[in-house]
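Open the model in your viewer and keep the selection tool at hand.

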Amino acid sequence: MQNTQVILSSRPVGVPKPEHFSTREVPVPDLDKNQVLIRVSHWSVDPAMRGWANDVPNYSPPVAIGDPMRSFAVGEVMASRHPGYTEGDVVEGLLGWQTHVVSDGSNIGHIVTETDLPRSYALGILGLNGTTAYFGLLDSCAAKPGDTVVVSTAAGAVGSAVGQIAKVIGCRTVGIAGGAEKVHQCREEFGYDAAIDYKSEDVASAVAAACPDGVDCYFDNTCGPISDAVMTRLAQGARITICGTAAITEWDPLPVGPRVHRQLLVARARMQGFLIFDYKDRLAEARTALAGWLREGRITVREHVLDGPQAAPGAISMLYRGENTGKLIVKVA
């Protein structure tokens with residue numbers, strides 16, 4: 001049995017491109033005691049993979065040259081010599097861009113129990129993206145009924161979930177996205193009360209019009225000029241969650257922009273960085289709530305599925321160009 005791997009073959013600076021990856025096949029090793037063999041069906045593509053591929057200070061060590069690209073993935077246990085897993089279990093974890101994985105369980109996140117829902121959801125709304133939205137909004141941003149919640153990359157896998165969870169708990173929602181199609185998705189698919197096209201509108205003026213009483217919660221997936229504009233409209237006691245910095249392609253030299261200290265001071269606002277890995281002991285709580293809302297039809301999911309391992313090398317750069325129209329996934333088998 002052969003394992004097809006998409007490996008990081010050279011070190012990128014900034015967004016990884018197709019030339020930084022290559023494909024190889026290696027034999028699948030025999031199982032030892034306390035190991036499982038997983039046949040992977042879907043690979044995730046996430047903004048965090050840019051940081052994982054670069055050799056810069058990060059919350060995780062960089063992927064080594066020659067290793068399969070780190071990613072979340074979902075698959076089925078084909079064989080098990082591990083007491084915690086049985087043949088047929090569907091599992092999710094940091095399994096990487098490869099078609100077969102022999103694991104001792106350390107890189108498995110959980111056994112997927114929501115088998116009535118599409119398996120790929122374990123990588124999106126029930127995985128990294130949905131749980132990030134859930135805890136980032138409800139814990140870090142401390143959103144409450146009646147709040148005005150502004151979300152950047154509002155049509156993305158995280159942003160669309162943030163907006164919909166905010167509506168579930170009774171917030172007013174304003175999404176910021178790029179282009180008429182994504183603005184339409186925000187309003188018609190994800191239920192935002194207002195949506196702003198940062199490509200064609202003056203964001204500061206549009207936020208002021210959409211948020212006459214100010215912004216109570218800002219879920220920041222971008223940094224950069226979009227966030228600069230939102231910072232001018234903070235309500236008293238505003239909470240800002242920094243979840244991503246997609247608008248900044250290079251951090252050397254350090255980008256400069258407006259100082260936000262006075263806005264934070266005057267509004268008595270709080271700005272906090274957020275990583276889902278800090279919530280690893282509570283992920284089941286989020287998955288249970290999200291799965292319930294999915295079954296009730298209160299959350300809508302859009303996926304953008306690429307076909308086959310050959311599509312993976314260009315997927316991260318595609319994500320950063322904003323070409324995906326939903327949670328970006330590579331269907332392996």
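Contact here means heavy atoms within 4.5 Å. This is a predicted model: local features need pLDDT of at least 70, side-chain atom pairs count only at pLDDT 80 or more, and totals for chains, interfaces and linings use all residues. Residues are numbered from 1 along each chain as its sequence is written, and side-chain values use heavy atoms, without hydrogens and water.

Select Ser140. Ser140 sits in helix α2 (helices are DSSP runs of H or I, at least four residues; strands are runs of E, at least two; both are numbered from the N terminus). Ser140 is buried, at 1% relative accessible area (buried is under 20%, exposed over 50%, partly exposed in between; 1.4 Å probe, protein chains only). Beyond its neighbours within four places in sequence, Ser140 touches Phe135, Thr241, Arg270, Gln272, Phe274 and Tyr279.

Next, show α2 (128-140) with α8 (283-295). Their axes lie 9 Å apart, at about 100 degrees (axes are lines fitted to C-alpha atoms over the stretch in contact; angles run from 0 to 180 degrees between N-to-C directions). So α2 is roughly perpendicular to α8 (the class covers 65 to 115 degrees; under 35 is roughly parallel, over 145 roughly antiparallel, the rest oblique). On the α2 side, pick Gly130, Thr131, Tyr134 and Phe135. On α8, the contact residues include Leu283, Arg287 and Trp293.

Last, go to Asp116, in the loop between β7 (108-111) and α2. Asp116 is exposed, at 52%. Which side chain does the side chain of Asp116 meet in a polar contact? That of Arg295, at 2.8 Å (a polar contact is a pair of N or O atoms within 3.5 Å; within protein, one must be able to donate a hydrogen and the other to accept it, and residues adjacent in sequence count only if both atoms are side-chain atoms).
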